[in-house]
Amino acid sequence: MTKQPEDWLDDKPDNQEEEDDEIIWVSKSEIKRDAEELKRLGAEMVELGKNSLDKIPLDDDLRAAIDLAQKIKKEGRRRQLQLIGKMLRSRDEEPIRLALDKLKNRHNQQVALFHKLEMLRDRLVEEGDEAVPDVLNLYPHADRQQLRSMIRNAQKEKAANKPPKSSRQIFQYLRELAEA
């Protein structure tokens, strides 16, 4: 019997070395973190309303699981969220994330617009006719007479400590102008 050097255990065929390089090892902790992230994504979708969910690309099974989770309370909901997370693992979640980000951004933009319109309305009520040209610069198709009339009514209501009906009308009018 011939004695072979122990180095023969380290020798691999050339094609086997290439296969080993392609294997990516993922830690158990990383797998758990990814699963938790998908569960959070599922929980975020469960909190959305029907109209918002319609804008997200979901298959029928996932949509049904989300609809069911919206109806369930307490422990059953937690288990349903785990199921949704598990379902998301076998799907490409990138289009879902993009749609959710788009919904969030639209909401943030709308809130910012409303704050801007509220400040403009308050300025109109405080300054009166002096601020009207600024509104006309922003929204050239605005009706100057209608706006001035609403401003006068809002100032009268404010002076008499009445409910701010005209202020709400001004805000609504500015919102319609901004959306047009």
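In this predicted model, helix α6, which spans residues 94–127, and helix α9, which spans residues 165–179, have axes that come within 9 Å and cross at roughly 130 degrees. Angles of 65 to 115 degrees count as roughly perpendicular and those over 145 as roughly antiparallel, so α6 and α9 are described as oblique to each other. The crossing in which α6 passes α9 is right-handed. On the α6 side the contact is made by Leu 113, Phe 114, Leu 117, Glu 118, Leu 120, Arg 121, Leu 124 and Val 125, and these meet Ser 167, Ile 170, Phe 171, Leu 174, Arg 175 and Ala 178 of α9. Sorted by class, the residues of this contact are ten nonpolar, one polar and three charged.

Helix α6 also meets α8: the axes of these two helices come within 9 Å and cross at roughly 75 degrees, and α6 and α8 are therefore roughly perpendicular to each other. Here Leu 124, Val 125, Glu 126 and Glu 127 of α6 are in contact with Leu 147, Ile 151, Ala 154, Gln 155 and Lys 158 of α8, a set that holds five nonpolar, one polar and three charged residues.

Gln 155 lies in helix α8, which covers residues 144–159, and is partly exposed, with a relative accessible area of 31%. Leaving aside residues up to four places away in sequence, Gln 155 touches Leu 124, Val 125, Glu 126, Glu 127 and Gly 128. Between Gln 155 and Ser 167 there are twelve residues of separation in sequence and 8.6 Å in space, taken from C-alpha to C-alpha.

Conventions
Residues numbered from 1 in each chain as written. Predicted model: local features only at pLDDT ≥ 70, side-chain atom pairs only at ≥ 80, totals over all residues. Heavy atoms only, no water. Axes fitted to C-alpha atoms, helices over the stretch in contact; angles between N-to-C directions. Helix = DSSP H or I, 4+ residues; strand = E, 2+ residues; numbered from the N terminus. Parallel < 35°, antiparallel > 145°, perpendicular 65-115°, else oblique. Left-handed = near helix turned anticlockwise from the far one by under 90°. Contact = heavy atoms within 4.5 Å. Nonpolar A, V, L, I, M, F, W, Y, C, P; charged D, E, K, R; others polar. Buried < 20%, exposed > 50% of the residue type's maximum accessible area, 1.4 Å probe, protein only.
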